[in-house]
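Subject: Handover of a model with two ligands

Dear colleague,

Please find the structure below, followed by notes on what was found in it. The notes take the two ligands in turn and then move on to the secondary structure and a few single residues.

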Amino acid sequence: MSKIALISGVTGQDGSYLAELLLEKGYTVHGIMRRSSSFNTGRIDHIYLNNPGFRDKRMFLHYGDLTDSSNLNRLVEKIEPDEIYNLGAQSHVQVSFEVPEYTAEVDAIGTLRFLDAIRETGIKTKFYQASTSELYGNPLNTDPTPASGLPIPDYRLTELSPFRPTSPYAVAKLYAYWITVNYREAYKLFACNGILFNHESPRRGETFVTRKITIGVSRIMAGKQDRLLLGNIYSARDWGFTPEYADGMWRVLQAGKPDDYVLATGETHTVREFIEEAFAQYGETLTWEGKGIKETGKLSGSKKTVIAMDPKYYRPTDVKYLCGDATKALKELNWAPTVRFKELVKIMMEHDRDL
Ligand code: NAP
Ligand code: F7E
């Protein structure tokens with residue numbers, strides 16, 4: 001009998017790679033998608049609609065929403081999944097400052113609704129919660145407003161590092177993290193958190209900074225756009241490659257006991273370095289001038305400004321530095337990412353250059 005998985009957020013970046021992986025492993029995959037006035041299945045059409053290999057009825061889509069408990073209860077009861085992956089979320093940190101209540105409703109209470117559906121129905125299943133490195137925020141006594149040009153610290157965050165979230169998104173995810181731990185302890189559910197550091201791919205949403213850069217740089221070099229406007233380019237992030245993280249999510253639920261795991265590369269780079277590496281794919285280097293909001297990047301040997309700052313992309317508070325330590329995942333799950341920063345930028349640039 002093939003295992004049955006239920007994925008919320010199946011139409012998103014992570015959900016699409018996870019669905020692909022589970023189908024390859026022989027699972028039957030059920031995905032929850034939101035009703036939308038335009039098509040929102042672009043990331044999964046190749047496995048759901050267009051690929052004859054998957055017309056053997058192993059993938060199903062159901063309308064649903066994390067704000068609707070009756071819908072989640074019904075789906076859990078009807079599908080009786082062996083594994084549930086809760087990846088659905090309002091996942092954009094800057095947007096969470098604009099829609100904080102909705103973000104809490106979906107990202108925090110949505111997780112509770114799912115856990116309660118498991119408890120109420122009594123279905124024996126494993127539960128994966130998409131937790132995030134945003135939980136760590138900034139250490140106490142650091143200025144949480146964006147800053148430029150500060151030296152990059154040098155420490156790595158583990159499952160034991162303190163959480164100090166600095167956005168409505170992260171605060172909502174903090175509730176989701178702890179309610180998952182609580183349901184594991186109180187009701188003996190096999191419920192786990194994957195604390196995933198940023199992971200990117202050609203399927204990354206176009207308003208997240210890496211994809212915004214790879215698309216923007218490709219368009220600038222093709223003469224279709226003059227410049228790219230950005231916010232805090234001094235944030236440092238630990239960026240990995242999403243298909244490897246989807247494999248990590250699956251491994252979290254295959255462990256002998258339910259637990260929480262960091263998935264990260266252990267390497268961190270600033271947004272500015274990401275921009276430089278993207279232009280390097282075209283053999284270009286940048287000359288930086290000015291400071292803060294006035295900083296610009298010009299193509300070397302040219303007067304053309306290709307990077308400039310725009311206040312609208314700065315957040316009221318921003319996480320300055322993230323670098324993870326995935327030693328526990330290596331030891332207990334045998335998970336180790338192989339795609340490093342330069343290769344990641346290359347993969348994304350090759351895709352968007354063609355696009
Ligand atoms: P994403 O591309 O933004 O996908 C989010 C998914 O959630 C989409 O399928 C979206 O549907 C769905 N969704 C949004 N609101 C919903 C609602 N009210 N009910 C049901 N589904 C809803 O995000 P991602 O990068 O794949 O991330 C997946 C999960 O991991 C998220 O929970 C995110 O917060 C978390 N996470 C991501 C990262 C990362 O670096 N990518 C790191 C750590 C944690 P539509 O397609 O209709 O919008
Ligand atoms: O920003 C800075 C921005 O939006 C990265 C989500 O998947 O990963 C993601 O959250 C950094 C921030 O990702 C722009 O201020 C500068 O410091 O790509 P991002 P994120 O906020 O790290 C975590 C782990 C999640 O859990 C989230 O769901 O880049 N930045 N200029 C910019 N960011 C954006 N989006 N746009 C800019 O123009």
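Helices and strands in these notes are DSSP runs, numbered from the N terminus, where a helix is H or I over at least four residues and a strand is E over at least two. This is a predicted model, so to speak, in which local features need pLDDT of at least 70 and side-chain atom pairs count only at pLDDT 80 or more, whereas totals for chains, interfaces and linings use all residues.

A residue is counted as near a molecule if one of its heavy atoms lies within 4 Å of it. There are 24 residues around ligand 1, and Thr11, Asp14, Arg34, Ser91 and Tyr169 come nearest. Helix H1 (13-24), helix H5 (100-121), strand S5 (126-132) and helix H6 (168-187) each supply at least two residues of this shell, and the largest share, three residues, comes from S5. By class, the shell divides into eight nonpolar, 11 polar and five charged residues, where Ala, Val, Leu, Ile, Met, Phe, Trp, Tyr, Cys and Pro count as nonpolar, Asp, Glu, Lys and Arg as charged, and the others, Gly among them, as polar.

A polar contact is a pair of N or O atoms within 3.5 Å; within protein, one must be able to donate a hydrogen and the other to accept it, and residues adjacent in sequence count only if both atoms are side-chain atoms. For ligand 1, an N or O atom in the side chain of Tyr169 lies 2.6 Å from a ligand oxygen, a backbone N or O atom of Gly9 lies 3.4 Å from an oxygen of the ligand, and a polar side-chain atom of Arg204 is 3.2 Å from a ligand nitrogen. Of the 910 Å² of accessible area that ligand 1 has on its own, the protein covers 89%; accessible areas come from the Shrake-Rupley method with a 1.4 Å probe, and for residues only the protein chains shown count as cover.

**Ligand 2**

Ligand 2 is surrounded by 22 residues, of which Thr132, Tyr169, Ser235, Arg315 and Asp318 are the closest. Its shell has seven nonpolar, nine polar and six charged residues. Oxygen atoms of ligand 2 take part in contacts with side-chain N or O atoms of Ser235 at 2.6 Å and of Asp318 at 2.7 Å, and a polar side-chain atom of Arg237 lies 2.9 Å from an oxygen of the ligand. The protein covers 96% of the 700 Å² of accessible area that ligand 2 has on its own.

**Strands and a helix**

Strand S6 (residues 190-196) is mostly covered, with seven of its seven residues buried, which here stands for under 20% relative accessible area, while exposed stands for over 50% and partly exposed for anything in between (1.4 Å probe, protein chains only). Phe190, Cys192, Gly194 and Leu196 point one way from S6, and Ala191, Asn193 and Ile195 point the other way. Two strands are taken to pair if DSSP finds at least two bridges between them. S5 and S6 run parallel and are joined by seven bridges, with Tyr128 having Cys192 of S6 as its bridge partner. S6 also pairs in the parallel sense with strand S11 (residues 261-263) over three bridges, and there Gly194 stands opposite Tyr261.

Helix H8 (residues 242-254) has 13 residues and reaches 19 Å from its first C-alpha to its last, close to the 18 Å expected at 1.5 Å a residue, the expected span being 1.5 Å times one less than the number of residues. Because 10 of its 13 residues are buried, H8 is largely enclosed by the rest of the structure; among the buried residues are Tyr245, Met249, Trp250 and Leu253.

**Single residues**

Ser8 lies in strand S1 (residues 4-8) and, at 2% relative accessibility, counts as buried; its side chain reaches the backbone nitrogen of Leu87 at 3.1 Å. Asn73 is found in helix H3 (residues 69-79) and is partly exposed, with a relative accessible area of 24%. The C-alpha atoms of Asn73 and Ile118 are separated by 7.7 Å, although the two residues are 45 residues apart along the chain.

Two backbone angles may also be worth a look. Most residues other than glycine have a negative phi. Glu80, in the loop between H3 and strand S4 (83-86), has a positive phi near 50°. Asn334, in the loop between helix H10 (327-333) and helix H11 (341-354), has a positive phi of about 55°, and this residue counts as exposed at 57% relative accessibility.

With kind regards

Terms used: Residues are numbered from 1 along each chain as its sequence is written. Chains are lettered from A and ligands numbered from 1 in the order in which they are written. Side-chain values use heavy atoms; hydrogens and water are left out.
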